[in-house]
Amino acid sequence: MNIQQEPQLGREQVLARLQALRQSMQIFSLGQALNAERIRSFSRRLGPLYFDYTRHLVTAEVMDSLQLWGKLQGWRLALQKLSAGYPLNASEDRPAHHMALRDLGSITADATARFTAQADRERMLSLLDRIKEGKLRGARGHAFDTLVNIGVGGSDLGAAMAVQALRAQGEGRFSLHFISSIDGVALTRLLPQLRLDSTLFIISSKSFSTPDTFENVKTVQTHLQDQGYTPDECSRHFLGISAVPQAMFAFGIPEDLQLPFMNSIGGRFSLASCIGLPLAAHLGRQGFMAFLQGMHEMDRHVLEEVETSIPATMALLEWWYAQFWQAEALAILPYHQDMERFPAYATQLQMESLGKSCDIQGRPLLCSGHVVFGEVGSNAQHSFMQLLHQGTRMIPADILLFANMPETNDRQRNMTLAQGLAQGRALAMGYDESAAAHDFPGDSFAIRQARLHPGNRPSSTLLWESLEPQTLGMLVALYEHKTFLLAQLWGINPFDQMGVELGKRLARPLVTCLNGETTIERMDAGTAVLLQIVDNMHRGKYS
């Protein structure tokens, strides 16, 4: 079947076909299926990316049916609406304009958003130019050489991940630091090490009111004042990035140190906005534009190819395993030390977007997003990969490899690539009893059984030429589009996150209790007991 040949099939028919195909897969063996024809059919090239999905529990008929399902779920129209600025974020009645941020070729239909994004970007890059040229200095006349980004969630993870991933590509102009946790531990350690006269603190917050962020900001303000800075001098050491300019004014951020962006940009989709200032500072104008170019190339790819695009293929495979194989997790395994923050970034992107229990109509869902986790691949092999290979749960994996690694020597690069390639092979092929008997003839029955790998464990291999700004931009946009397309399959809004709001509201009265300003009388019994124990421990009376 080809999706262009049977558009008349309805949703129920496609689901029934997929269920029947799932039953037929009981005897499917990846070890027997891998051949030249499968490699031709289940791999794609896109610029510096080679995408291999040969090691998935699918046949050509399964893939055709999955692509038809994506078509029936209205993927093309959804992408058109995303591009045109339709208010897809229904809970906030807002569009999602993240594609406009990196539209370098007029592929999005919302021209107003595109022009606004260009103006905001140029304002950011021009401000960075002024800082680098020494035209914008600290309160006491010193040029800035240190930037401290204070933000959390989407105002931290993306920029921190990308700066770390591209650490070898930077201009070396600034020392960059990231502060996110509300506990202030990292900030307390960092502040004494800074030369305050040449340090600029970036307050990165869409609402400019995030408690986690502003607790850290208060600590910085106190430290500056303790070091003799006047309030006016303090204000020259804070740069604000927000979708609420009036909040930046109210806080006291000077207008020339304000970077606004559109309120239609979701935090976890905001890396290409002014939230990405740390990355732009690290890479410079040319490098940052290369990063955006990579995102733009992936945007064009998915808009043109839709159901057969790489993000669509990855989304369909995840949906297939969640709906028909009861898979509940996805492992992301980058085989490059500088990519160590990428799994955390992808975790927020997918789990905050797809962690919903009802669809946009309020109807309950039986299945939605995966648990996403990961680690640098070579480290994962010595921790949780044991469960992926021999555990009783099927956990698909994305294996990210880089053919060229100029940051290391050839010997260790080859060892790294060999390890990553071997993991995909081992997951798919397994290790059966005849092989174990041949390799370890003296084993007891129990030891031999413990050596067996069931195989048929799915994985994708994303092989990149090298880790560059362009390739990282493509990778980030790939996972963004995959997440958006998965949301359409489940009928959910990927641009809100009401699940994180309840905990924030419940924390407010707890803070007053811990500060001794109110009592615990209205707390539930479990929380009241824990609060009392915390108080006893704090006073040294716990025994």
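Modeller: Start with charge: the protein has 48 positive and 54 negative side chains, and the centres of the two sets lie 0 Å apart. Lys and Arg count as positive, Asp and Glu as negative; His and the chain ends are not counted. Each charge is placed at NZ of Lys, CZ of Arg, CG of Asp or CD of Glu.

This is a predicted model: local features need pLDDT of at least 70, side-chain atom pairs count only at pLDDT 80 or more, and totals for chains, interfaces and linings use all residues. Residues are numbered from 1 along each chain as its sequence is written, and side-chain values use heavy atoms, without hydrogens or water.

The protein holds 22 helices and 11 strands. These are DSSP runs numbered from the N terminus: helices (H or I) of at least four residues, strands (E) of at least two. Of the 543 residues, 51% are buried, meaning under 20% relative accessible area with a 1.4 Å probe, protein chains only.

Now the close look: helix 4, residues 60-72. Its 13 residues reach 18 Å from first C-alpha to last, close to the 18 Å expected. That expected span is 1.5 Å times one less than the number of residues. Helix 4 is mostly covered, with 10 of its 13 residues buried. Among them are Val62, Met63, Asp64, Leu66 and Trp69. What covers the buried residues? Helix 1 (11-24), helix 5 (75-84), helix 13 (310-324) and helix 20 (469-490) are included in the cover. Just after helix 4, glycine 74 takes a positive phi of about 80°.

Definitions and conventions: Buried means under 20% relative accessible area, exposed over 50%, partly exposed in between (1.4 Å probe, protein chains only). Contact means heavy atoms within 4.5 Å.
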